[in-house]
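Hi there,

Here is the structure I promised to pass on. Have a look at it first, and my notes follow below.

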Amino acid sequence: MNSRDKILQKLRSGMPQSQTEELPLQPDGNYFKDLREGAVDELISQFAEKLRALSGEFFVAENEKEAASLLLEIFDTIDDGACLAQPHESIARVLALNEKLADRFEMLPGELDGDLFAEYAAGLSTVDFLIARTGSIVLRNIGAGGRRLSVLPPVHIALAWQNQIVPSLDAALQAELITDSEWSYATIISGPSRTADIQKNLVLGAHGPKQLIVVLIKKDR
Amino acid sequence: MKELKGFLQRSEVKAKDDVHRETIMKAVVSLDTAAAQTKSMQFDDWQQARQEAAKIKDYALANLPDLLEQFEQKISARGAKVLWAENVEQARTYFMDIVRERNAKKVVKSKSMITEEIELNEFLEHAGIEVLESDLGELIVQVANEKPYHIITPAIHKTKEDIAKIFHERLGAPLTDSPQELTMFARAHLRKAYLSADIGITGANFLIADRGAIVMTENEGNGRLTMACPPVHVVFCGIEKVLPRMADLSLFLPLLATSATGQQISCYNSITAGPRQSGEPDGPEQMYVILVDNGRSDLYAKATFRHSLRCIRCGACLNACPVYRTVGGHTYNTAYQGPIGSVITPHLRGLAKWGHLSSASSLCGSCTDVCPVNIDLHHLLLKNRAEANKADKGNKTWAAGMKSWAYIMSDRKKLQRFRRLGRLGEPLLPILLSGDKRQRVPAMAKKSFAELWEENEQSR
Ligand code: SF4
């Protein structure tokens with residue numbers, strides 16, 4: 001017998017005799033005090049408050065054109081290095097709305113050497129969900145330009161649309177986008193990278209991005 | 001006996017070390033306070049939440065073999081390879097086979113307790129493989145040539161001055177004790193490692209059966225980089241870490257973050273369901289999941305102790321424990337310290353050698369109070385003690401002492417007689433106990449309560 005079967009057999013013989021354990025219902029966020037349902041504006045304001053409490057930055061644009069000028073302002077605050085953008089049609093559309101943006105970013109090529117990331121100061125990606133309750137964003141690698149774009153550059157800029165906001169994590173995890181699509185990597189991001197490993201002192205930008213900037217467009221994607 | 005002696009010697013030293021006490025107390029009190037605040041800030045009813053979490057874990061344990069098979073089937077369908085290791089040697093051998101196949105020289109690693117359990121780093125270094133710890137706390141203890149002090153914050157015992165010195169002497173860092181600058185130094189130091197490593201190793205906080213995925217919680221981003229850059233991703237994980245459904249994370253992630261660090265949710269929670277798929281822009285070519293048993297199936301078979309496998313390794317029971325706070329992490333000499341370590345180590349590694357850990361507890365129950373999955377830690381410690389005493393047939397003095405005590409306590413007349421005897425022998429006591437300088441023998445009362453009562457009754 002191979003070790004796989006040995007382990008499984010050992011577990012089966014050690015299993016509780018009476019299988020009384022029932023699986024509790026899907027978690028629905030009912031344990032949480034700070035769960036807000038309701039109008040999108042209320043969710044946006046909770047998201048903003050929570051993300052800022054985590055030292056994330058948050059901007060709202062009324063439409064895509066306004067988002068494009070906001071991105072230009074944001075690029076201006078980032079020192080040396082261009083921005084690497086996810087080649088997603090919605091990102092391309094927004095970036096095309098302001099001609100001054102043209103030489104400020106490059107589209108992520110299909111094949112990119114890890115080393116090349118070092119030359120870029122920021123990564124711009126879309127998101128799949130915004131979680132109001134915790135100020136988190138949810139990304140799948142297939143929806144957000146892969147695994148590296150949102151973690152290797154020192155600044156991560158996430159572009160989001162208002163219909164992507166949900167009250168809590170369970171809503172995102174049970175959404176079709178997550179359950180029914182094929183992806184190999186998804187991540188729930190809550191603020192810029194941090195550590196408190198040195199005598200509990202909080203330091204931002206341990207290994208991941210030092211800055212997380214979320215730009216929300218008040219339109220449906 | 002060697003382990004017991006070592007434990008006692010190390011406790012003696014640590015208990016008297018004021019700097020150690022201050023460093024540990026500051027850290028655990030700050031963790032404790034943050035956890036308590038976040039509990040009341042985010043949870044409507046913490047008790048209900050942890051009961052629910054315990055139920056989900058109990059379901060997962062009751063169906064463990066089926067869920068493991070489901071996990072294996074789903075993640076294999078996406079091209080990951082699942083390997084089952086019965087023991088330490090097998091887990092290491094699997095890894096060495098991958099090293100050989102890839103002709104790997106350099107490995108970058110994010111924090112994982114199970115690789116501590118199988119002492120992977122020491123093993124790989126002997127084999128001439130370069131291993132770089134990427135979590136800041138782990139890097140600090142690695143560079144200091146030590147073992148982690150705590151399952152969540154490995155360098156909890158180091159002051160910033162200690163770290164400044166180690167980084168300066170061993171890594172050539174500029175001398176500074178600013179946590180900000182030290183962290184930025186580590187960031188720069190490790191950047192290249194992710195890009196040049198042949199293999200990335202991570203642990204897993206959860207295995208998700210219905211998706212076939214591993215979940216990793218962290219704050220620094222080193223885990224994400226480890227799963228994104230090297231061409232091979234190897235996951236080490238205990239077989240007990242299963243959750244039935246992905247949606248269970250919406251409870252477990254906040255629960256773990258709250259108990260571990262007092263955060264609502266950790267900064268990064270990554271769900272990895274395979275290596276790079278066709279059409280995906282990047283990611284490792286190969287992914288392996290090494291499922292480690294190493295004694296867990298034995299623990300699983302013991303009905304009384306099975307529920308200790310609910311543990312999500314949040315570290316809250318360490319922070320709450322007066323023994324951990326006093327003697328520190330290294331004193332245990334185990335991969336898992338504190339109450340949970342004392343509960344499981346004797347079962348995973350043998351009662352004869354590790355049974356003494358069951359007594360490293362004041363039985364105050366603080367650990368049980370804080371555990372987010374309701375493990376009855378202090379009662380399990382008592383049950384361990386009972387097992388250890390049963391097994392320890394060699395300790396005749398203890399058995400005889402307990403028998404005499406039971407005899408004396410069975411009848412109040414006997415007790416009174418013994419008391420009188422005791423008073424006669426009182427001058428001898430300090431001599432009998434002089435071996436232990438810490439024990440001061442209290443003077444016996446001239447009259448017992450019963451005697452006083454009788455006198456009082458008579459004089460009425
Ligand atoms: S036993 Fe409970 S409190 Fe201790 S580490 Fe495990 S989950 Fe946390």
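In what handedness of crossing does α3(B) pass α12(B)? Please keep in mind, while you look, that this is a predicted model. The crossing of α3(B) with α12(B) is left-handed.

Here is the rest of that helix pair. Helix α3 of chain B covers residues 46-62 and helix α12 of chain B covers residues 249-261. Their axes come within 11 Å and cross at roughly 120 degrees, which makes α3(B) oblique to α12(B). On the α3(B) side, the contact is made by B:Trp46, B:Ala49, B:Glu52, B:Ala53, B:Ile56 and B:Lys57. From α12(B), B:Leu251, B:Phe252, B:Leu255, B:Thr258 and B:Ser259 take part. Sorted by class, the residues of this contact are seven nonpolar, two polar and two charged.

Helix α9 (residues 160-171) and helix α10 (residues 179-196) of chain B pack at an angle of about 35 degrees, with their axes 10 Å apart. The crossing of α9(B) and α10(B) is left-handed. In α9(B), the residues that meet α10(B) are B:Lys160, B:Ile163, B:Ala164, B:Phe167 and B:Leu171. Their partners in α10(B) are B:Pro179, B:Leu182, B:Phe185, B:Ala186 and B:His189. This contact has eight nonpolar residues, one polar and one charged.

Now to where the two chains meet. On the chain B side, 100 residues are in contact with 76 residues of chain A. The area buried between chain B and chain A is about 7600 Å², and carbon and sulfur atoms give 58% of that area.

Last, the charged pairs. Side chains of opposite charge can pair when their charged atoms come close. Over all chains the count comes to 35 salt bridges, and eight salt bridges are found across the interface of chain B and chain A. B:Glu69 forms a salt bridge with A:Arg4, with the closest N and O atoms 3.4 Å apart. B:Glu69 lies in helix α4 (residues 64-77) of chain B and A:Arg4 in helix α1 (residues 3-14) of chain A, so this pair joins two chains. B:Glu86 forms a salt bridge with A:Lys6, and there the closest N and O atoms are 3.7 Å apart.

Best wishes

Key: Residues are numbered from 1 along each chain as its sequence is written. Chains are lettered from A and ligands numbered from 1 in the order in which they are written. This is a predicted model: local features need pLDDT of at least 70, side-chain atom pairs count only at pLDDT 80 or more; totals for chains, interfaces and linings use all residues. Side-chain values use heavy atoms; hydrogens and water are left out. Axes are lines fitted to C-alpha atoms, for helices over the stretch in contact, and angles run from 0 to 180 degrees between N-to-C directions. Helices (H or I, at least four residues) and strands (E, at least two) are DSSP runs, numbered from the N terminus. Angles under 35 degrees count as roughly parallel, over 145 as roughly antiparallel, 65 to 115 as roughly perpendicular and the rest as oblique. A crossing is left-handed if the near helix is turned anticlockwise from the far one by less than a right angle, and right-handed if clockwise. Contact means heavy atoms within 4.5 Å. Ala, Val, Leu, Ile, Met, Phe, Trp, Tyr, Cys and Pro count as nonpolar, Asp, Glu, Lys and Arg as charged, and the others, Gly among them, as polar. Buried area is the accessible area (1.4 Å probe) that two parts lose on being put together, summed over both. A salt bridge is a side-chain nitrogen of Lys or Arg within 4 Å of a carboxyl oxygen of Asp or Glu.
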